[in-house]
Amino acid sequence: MEATNDRVQLDQDSLKEAVRKEMNRLGLSQTRLAKESGINQTRLSLWFSGKYSGDTEAVATALSRWLNAIQERDQEANRMSAAPSWRPTPTANGITGALRYAHRAGDIALVYGGAGVGKTCTARHYQENHPNVWVATMSPAMNSVAACLERIALAIGLPEAQPSAVKTENAIVARLENTGGLLIVDEAQHLPVCGLEAIRSVHDATGLGLALMGNESIYSRITGGGRQAHFAQLFSRVGYRVRLGNPSAGDVETLLAAWNIFEGKSQSLCMEIAKQSGALRGLTKVLRLGSLMLTEDDKCLTYDHIQTAWADLGGAL
Ligand SMILES: Nc1ncnc2c1ncn2[C@@H]1O[C@H](COP(=O)(O)OP(=O)(O)O)[C@@H](O)[C@H]1O
Ligand SMILES: [Mg+2]
């Protein structure tokens, strides 16, 4: 009986050690571990300190399950190739041109359309390579001036929430004026008209470059479908406009070169995949899944890998 208890105790101790090791490696707090493993936080903390008098086996089972899942995830991640980082595709170069213009001229640029063709990743790439560039991503929660300004305040690193929209605006203007910076507003189709106007005021007050990026509907919102006069003022302020459609053959070729895919048949298949609604995002997903199928003898993804991955993801041409 004692021996069994010892063994259980030992198992619990070594489990504790294994879990602690993983937490350190992944930089996880106990709160996060509690969430990921589905164990109540108090129970987990008592278990760690050896003071838990409840069902320790249940805790141990849940933690062993968590450890297994982490290991499986790591193995998959090791086998799945990371997507190549940002590449200067023709579309990305077009987007960069608009960002550069808005930045240098302190003017407004509008980049819209083409879901999955590289707007967000090009904005991030531009931000990584230039000082004083901020990306604020809008969402359907942006239903007031206060919400829009708060999102921008967060993006430019203003720590404290202000008690009113006016104070938020003042803080934003104070932070951004004379920086010669660029504010990129991504998913700008979620901005209500009042939010668009608020952002334009910040631009006017600071001389900051402003790039509005989003889907097709942002264009009709800014032009007001040609009906509402008060939009005209904003529309007339847009100095540079890029409308994006499907990814071009050049976009696909540039990405495929990064994956070492040069064979004609594979390229045509990838072009077809990129023409679907997921565009380059969909293509990258297919290629990443395909990379799981590579054996040691494979030098790069073949037509068969790509086709199988595409079918596995539910695609059909
Ligand atoms: N220029 C690029 N270089 C590398 N990957 C790209 C590029 N453009 C698009 N992608 C791939 O497509 C995905 C979707 O791009 P994203 O920037 O999110 O598109 P959008 O914002 O236009 O919807 C990216 O996560 C990336 O995998
Ligand atoms: Mg995007």
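**A walk through the model, starting at the ligand**

An oxygen atom of ligand 1 sits 2.9 Å from a polar backbone atom of Lys 119. Taken by itself, ligand 1 exposes 560 Å², and the protein buries 85% of that. Keep in mind as you look around that this is a predicted model.

The backbone meets the ligand in other places too. An oxygen atom of ligand 1 is 3.2 Å from a polar backbone atom of Gly 118, and a nitrogen atom of ligand 1 is 2.7 Å from a polar backbone atom of Arg 87.

Now zoom out to the whole chain. It is divided into domain 1 (2–79), domain 2 (90–244) and domain 3 (249–312). Between the C-alpha centres of domain 1 and domain 3 there are 39 Å.

The largest nonpolar core holds 31 residues, and Ile 152, Ile 172, Leu 183, Val 185, Leu 191 and Leu 212 are the ones with the most contacts inside it. H7 gives the largest share, with five residues. For a view from inside, pick Ile 172: setting aside neighbours within four places in sequence, Ile 172 is in contact with Leu 149, Ile 152, Ala 153, Ile 156, Leu 158 and Val 202.

Ser 139 is found in the loop between E2 and H7. Is Ser 139 buried or exposed? Its relative accessibility is 18%, so Ser 139 counts as buried. Beyond its neighbours within four places in sequence, Ser 139 is in contact with Arg 151 and His 190.

The other stop is Glu 22, which belongs to helix H1 (residues 2–26). With a relative accessible area of 17%, Glu 22 falls under the 20% cut-off and is therefore buried. Which residues does Glu 22 touch, leaving aside its neighbours within four places in sequence? They are Trp 66, Leu 67 and Ile 70. Take Leu 67 from that list: Glu 22 and Leu 67 are 45 residues apart in sequence, yet their C-alpha atoms are 8.0 Å apart in space.

Technical notes: Residues are numbered from 1 along each chain as its sequence is written. Chains are lettered from A and ligands numbered from 1 in the order in which they are written. This is a predicted model: local features need pLDDT of at least 70, side-chain atom pairs count only at pLDDT 80 or more; totals for chains, interfaces and linings use all residues. Side-chain values use heavy atoms; hydrogens and water are left out. A nonpolar core is a set of buried Ala, Val, Leu, Ile, Met, Phe, Trp, Tyr and Cys residues joined through side-chain atoms within 4.5 Å. Buried means under 20% relative accessible area, exposed over 50%, partly exposed in between (1.4 Å probe, protein chains only). Helices (H or I, at least four residues) and strands (E, at least two) are DSSP runs, numbered from the N terminus. Contact means heavy atoms within 4.5 Å. Domain bounds come from an automatic or database domain assignment. A polar contact is a pair of N or O atoms within 3.5 Å; within protein, one must be able to donate a hydrogen and the other to accept it, and residues adjacent in sequence count only if both atoms are side-chain atoms. Accessible areas come from the Shrake-Rupley method with a 1.4 Å probe; for residues, only the protein chains shown count as cover.
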